[in-house]
Amino acid sequence: MNSDSLQHKGQRRQLVEQLAQKYPFHPHILKAMEKVPRHLFVEQGLDHLAYLDRPLPIGVNQTISQPYTVAMQTHLLGLSKWDRVLEIGTGCGYQTAILLELGLSVYSIERHKTLYLQAQKNLHALGYHAVQLHYGDGFDGLPQFAPFKGILITCGIPKIPQSLLEQTTLGGRIVAPVGEEEQTMTVVTRTGVETFEEQTFGAYSFVPMLHGTR
Ligand code: SAH
């Protein structure tokens, strides 16, 4: 099924209530999660699982993040309307849609051609056109559009590269799951031209960030 229904809307509301019980997310985040039809971003045949708080396959060995993780990473970005954000790992485009619903100026990179095209299709079908999707290697960031107030990494990275640190504004943040097998959700804030502050927010498990495109 490629449409939204009352049943899906009901399931979405329930999911959002569960998320709100787990953490006091800002109403704007909950509203965005209630609006975006996650079942239209997952693999065909899995839409009945789309409103469970769990990751799901999106093809080519990748996954759409768990809704709680999407809400938490969005929360940790701490951005306001119009702020410029770079997402690394577009995947199916679900997290991208949440950022767009928050009124952010969104740039997103995906290294997998199939997913880049799928995300484009998913987002356009839902009427999200004001988004900059890029096919490329997120390790490089998008220097031509920097600086970003927020950089959101949606795959596990062993260490945040200098190239990305340099693409944040003063006061800007990178939210990233840092680690190899398991990751620690990490927020790095740029406090000066060459100074950064780091905070951590618990353990997560993400697919790894890989070099190059395919
Ligand atoms: N935000 C996505 C999560 C997708 S999973 C969603 O809502 O569905 C992480 C994604 O990161 C995968 O699609 C993977 O292909 C991508 N990825 C991994 N390494 C990357 C890199 N170096 N540059 C860009 N994307 C990368």
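Lysine 35 is exposed, with a relative accessible area of 51%. The pair ties helix H4 to helix H2 across 66 residues.

A word on the model: it is predicted, with local features needing pLDDT of at least 70 and side-chain atom pairs counting only at pLDDT 80 or more, while totals for chains, interfaces and linings use all residues. Residues are numbered from 1 along each chain as its sequence is written, and side-chain values use heavy atoms, leaving out hydrogens and water. Helices (H or I, at least four residues) and strands (E, at least two) are DSSP runs, numbered from the N terminus.

The structure holds five salt bridges. Another of them joins glutamate 34 and arginine 13 at 3.1 Å, N to O, linking helix H2 with helix H1. Aspartate 4 and arginine 12 also meet in a salt bridge, at 2.8 Å, N to O; here arginine 12 is buried, with a relative accessible area of 2%.

Met33 is among the residues with the most contacts inside the largest nonpolar core, which has 45 residues. Such a core is a set of buried Ala, Val, Leu, Ile, Met, Phe, Trp, Tyr and Cys residues joined through side-chain atoms within 4.5 Å. Helix H3 gives the most to this core, with six residues. A second, separate core of 19 residues includes Leu86 and Ile109.

Now for the sheet. Seven strands form an open, mixed sheet in the order S5-S4-S3-S6-S7-S8-S9, where two strands pair if DSSP finds at least two bridges between them. Strands S5 and S9 stand at the edges with a single partner strand each, so one side of each is left without a neighbour in the sheet. Further in, S3 and S6 run parallel and are joined by four bridges. S4 and S5 also pair in the parallel sense over four bridges, with tyrosine 107 partnering glutamine 132 in S5.

Terms used
Buried means under 20% relative accessible area, exposed over 50%, partly exposed in between (1.4 Å probe, protein chains only). A salt bridge is a side-chain nitrogen of Lys or Arg within 4 Å of a carboxyl oxygen of Asp or Glu.
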